[in-house]
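Let's take a friendly walk through a protein model together. Keep the 3D view open beside you as you read.

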Amino acid sequence: MKQSSECVVIKGVGSYVPERVLTNDDLSTMMDTSDEWIRTRTGIRERRIAADYEATSDLCARAAQLALEDAKIGAADIDLIILGTLSPDMLIPATAMFVQRKLGMEGIPCFDFGAACSGFQYGLEIARTMLLSPQYKNILLICGDKLSSIIDWQDRSTCILFADGAGAVVLSREPAGQPGVIDVLLGSNGEHSDILNIPAGGSREPASERTIRERKHYLRMDGREVFRLAVQKMGESMGKILERNNLTINEISHVVTHQANVRIMHAIAERLRIPMEKVCITLDKFGNTSASSIILAIDHHRRQGIISPGELILTGGFGAGLTWGAAIIRL
Ligand SMILES: CC(C)(COP(=O)(O)OP(=O)(O)OC[C@H]1O[C@@H](n2cnc3c(N)ncnc32)[C@H](O)[C@@H]1OP(=O)(O)O)[C@@H](O)C(=O)NCCC(=O)NCCS
């Protein structure tokens, strides 16, 4: 892409959540917790949980189909699929392969990437830079997770947070001067890899009777430390991206952060002096769906007419790694 004569446009957005609703009251019948505790500590009221027969690729394919419809583009016009997930259908092959098959898009390249809950920003940057190549014109970026399959339902400090869902966007190279991806800023620090991880099932500790007995195939988290670093790193990256684009928060119409905890959103808003009316929240209905949460929030608010075409949106994400990122986009 020639820097000044072309740009990356978000042609379509789609999202999907499973039908089954799991409320805080439902959870309180399963473990020692309460609606009051979950609501006041996290902002979550209910979340969606996929059916046993639904895998991550099923959720992703539904979201992708809706994004293609929204973009008014046929599957045959997509040149590449990239998919961010931390709960793949299988370890091999990539979940993107299953989505490709479901959508009948055989032949084009596709791959998964692992940036956990910062997947939307990482995916935007991968797509944006790949669209520099004349080989790609339309890229399907999908983020999706069936987190209910990797959380420990005996750990009340994590299982109340996470949920299932998928989001997709179609990104296209177009002549400059149209709304689209304005800037993306990424960061990470592997020194924090121990505060949010799944210890076993990989090459470090292959699956064994012992690892299963020790519940090491489930997600583990130091909630307080993740909270602290999320506010710090996401806040820094969102502030930096505004600064390097000579923008103030007054010029931003909507702020869409990773939907992890409403208290994190309040802390970011306070730090960057963002009025809470500008902050899009879907966490109360959908919980933390990892990388898809930002796409879900954008799609939900757009379909309700709260986000209008052409408005400037600031996004911020953070996740296991620790990874973080921010992006400025116009739909
Ligand atoms: C997980 C999180 C909600 C916990 O909130 P917190 O205010 O830090 O709570 P604490 O972990 O300090 O626990 C406080 C008490 O509540 C208890 N508790 C934990 N989960 C509970 C639950 N579901 N219901 C009731 N009590 C619970 C703890 O056992 C603890 O009890 P104790 O004081 O007797 O030991 C919060 O730390 C958080 O959201 N962190 C960020 C996580 C995140 O965003 N992860 C996603 C990354 S992509």
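The sections below cover the domains, the ligand, the salt bridges and some backbone details.

## Before we start

This is a predicted model, so local features need pLDDT of at least 70 and side-chain atom pairs count only at pLDDT 80 or more, while totals for chains, interfaces and linings use all residues. Residues are numbered from 1 along each chain as its sequence is written, and side-chain values use heavy atoms, with hydrogens and water left out.

## Two domains

The protein is divided into domain 1 (6–175) and domain 2 (181–330), with bounds that come from an automatic or database domain assignment. Taken over C-alpha atoms, the centres of domain 1 and domain 2 are 14 Å apart. Domain 1 brings 49 residues to the contact and domain 2 brings 49 residues, where contact means heavy atoms within 4.5 Å.

How do we describe the size of such a meeting place? It is often given as the accessible area lost when the parts come together. Here, about 3900 Å² is buried between domain 1 and domain 2, and carbon and sulfur atoms give 61% of that area. Buried area is the accessible area (1.4 Å probe) that two parts lose on being put together, summed over both. Cys117, Phe120 and Gln121 supply 16% of the area that domain 1 buries against domain 2, more than any other three residues.

## What holds the view at the interface

Between domain 1 and domain 2 there are 3 salt bridges. A salt bridge is a side-chain nitrogen of Lys or Arg within 4 Å of a carboxyl oxygen of Asp or Glu. The interface also has 22 residue pairs in polar contact, with both residues at pLDDT 80 or more. A polar contact is a pair of N or O atoms within 3.5 Å; within protein, one must be able to donate a hydrogen and the other to accept it, and residues adjacent in sequence count only if both atoms are side-chain atoms.

On the side of domain 1 that touches domain 2, the elements supplying at least two residues each include β1 (6–16), α5 (119–130) and β7 (164–175). Helices (H or I, at least four residues) and strands (E, at least two) are DSSP runs, numbered from the N terminus.

## Around the ligand

Which residues are closest to the ligand? Among the 23 residues that surround the ligand, the closest are Thr33, Arg41, Gly223, Arg224 and Asn261; a residue counts if one of its heavy atoms lies within 4 Å. A polar side-chain atom of Thr33 is 2.7 Å from a nitrogen atom of the ligand. In the side chain of Arg41, an N or O atom lies 2.8 Å from an oxygen atom of the ligand, and for Arg263 the corresponding distance is 3.3 Å.

## Salt bridges

The whole structure contains 20 salt bridges. In one of them, Glu174 pairs with Lys137, and their closest N and O atoms are 3.2 Å apart. Glu174 lies in strand β7 and Lys137 in the loop between α5 and β6, so this pair ties together parts that are 37 residues apart in sequence. Arg302 and Asp70 also meet through their side chains in a salt bridge (2.8 Å, N to O).

## Backbone details

The peptide bond from Ile92 to Pro93 is cis, with omega near -5°, and Pro93 sits in the loop between β4 (80–84) and α4 (95–103). The bond from Gly321 to Leu322 is cis too, with omega near 5°.
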